[in-house]
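Try each task by eye before you read its solution.

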Amino acid sequence: MTTRLADIAAQAGVSEATVSRVLNGKPGVAATTRQSVLAALDVLGYERPVRLRQRSEGLVGLITPELENPIFPALAQVIGQALTRQGYTPVLATQTPGGSTEDELTEMLVDRGVAGIIYVSGLHADTTADTQRYERLRAQGVPFVLVDGFSPKVQAPFISPDDRAAMTLAVTHLVSLGHTRIGLALGPKRFVPVQRKIEGFVRAVQDQLGLTAQAIETELVQHSLYTLEGGQAAAAALIDRDCTAVVCASDMMALGAIRAARQHGRDVPRDVSVVGFDDSPLIAFTDPPLTTIRKPVPAMGQAAVRTLLEEIGGTPAPHSEFVFMPELVVRGSTASAPRP
């Protein structure tokens, strides 16, 4: 017990006496300090005493497309922690190929009486999908918030990164390094984030390198899948078109782009520079460490929860989009353009 107290106190940055007061439910401890001790318990893997377990205000569903891309677990963790701090119990529902669809997961969550649902990169981001499913959900009285992908047809609050600004950051960085042949590797064109990235990329390349929009979209934009293999295929095509730099729409695609460059006998970053998107966990430790556009995951996740809880509380957010600014994180996968 003494060892456990010492461990928790060290993790929380408080005294053992304070830890003891919290564990025994005694007064006289600031709320922030109490929260730090409870967080330390969780981090160290200790079970919370029954008296300290929070009564749930209700269930909140979180639907993600998959968990193989590390950005989705990262976002789920932020959203889950924010919900838990507000007394709600998060229920993670993940789509898998050949498994449950978004509609099936929604029905399952509604049947379990969830207080609300947060959708991440769902069908709302697909311009070919029927948006009536969201109107039916609203008619059932279930509040929801949509992350990554905007639709003017859906009456709900949206949370998005600024995809156009992200491309401007990436292109500006690469042009400053002397690159004049910059390619863009991304997913299928029907998705709103993809369309916005193309818009931002075309505008930035036009402004900074003077190319026409038609030439950019024909020669420098390559669609594929949001996977390592998809990034590899797209980057291989762009490298064959003499691109010395490739901007990718996800970090997973960027890892595939590095693989493609090496298969072409090129060194990264000496011969080909690669920029990712997301700044997923562990991406700073790749070989080379990946230069990427950091998606503001903590701010987006917390905003999604805050907005949903306002909806649940009877103060609906306006039908609008809350847009968050990404940032460029320069590491070792970009360098000066190779000399002709």
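**Exercise 1.** In which loop is Asn-69 found? Work out also whether Asn-69 is buried or exposed, and list its contacts.

*Solution.* A word on the ground rules comes before the steps. Residues are numbered from 1 along each chain as its sequence is written. The model is predicted, so local features need pLDDT of at least 70 and side-chain atom pairs count only at pLDDT 80 or more, while totals for chains, interfaces and linings use all residues; side-chain values use heavy atoms, with hydrogens and water left out.

Step 1: Asn-69 sits in the loop between S1 and H4. Helices (H or I, at least four residues) and strands (E, at least two) are DSSP runs, numbered from the N terminus.

Step 2: Asn-69 has a relative accessible area of 7%, so it is buried. The cut-offs are under 20% relative accessible area for buried, over 50% for exposed and partly exposed in between, with a 1.4 Å probe and protein chains only.

Step 3: Setting aside neighbours within four places in sequence, Asn-69 is in contact with Ser-250, Met-252, Asp-278 and Ser-280. Contact means heavy atoms within 4.5 Å.

**Exercise 2.** Which way do the residues of strand S8 point, and which strands are joined to S8 by bridges?

*Solution.* Step 1: From S8 (residues 245–248), Ala-245 and Val-247 point one way and Val-246 and Cys-248 the other way; all are buried.

Step 1: S6 (residues 182–186) runs parallel to S8 and is joined to it by four bridges. Here Ala-185 has Cys-248 as its bridge partner.

Step 2: S9 (residues 273–278) is also parallel to S8, through three bridges. Val-247 has Val-275 as its bridge partner in S9.

**Exercise 3.** Which side chain of opposite charge is nearest to Asp-251?

*Solution.* Step 1: Locate Asp-251 in helix H11 (residues 251–263).

Step 1: The nearest side chain of opposite charge is Arg-331, 6.7 Å away. Lys and Arg count as positive and Asp and Glu as negative; His and the chain ends are not counted.

Step 2: Asp-251 is buried yet has no salt bridge. A salt bridge is a side-chain nitrogen of Lys or Arg within 4 Å of a carboxyl oxygen of Asp or Glu.

Step 3: Apart from neighbours within four places in sequence, the contacts of Asp-251 include Asp-278 and Ser-280. Asp-278 and Ser-280 are also among the contacts of Asn-69, which brings you back to the loop between S1 and H4.

Technical notes:
Pairing = 2+ DSSP bridges.
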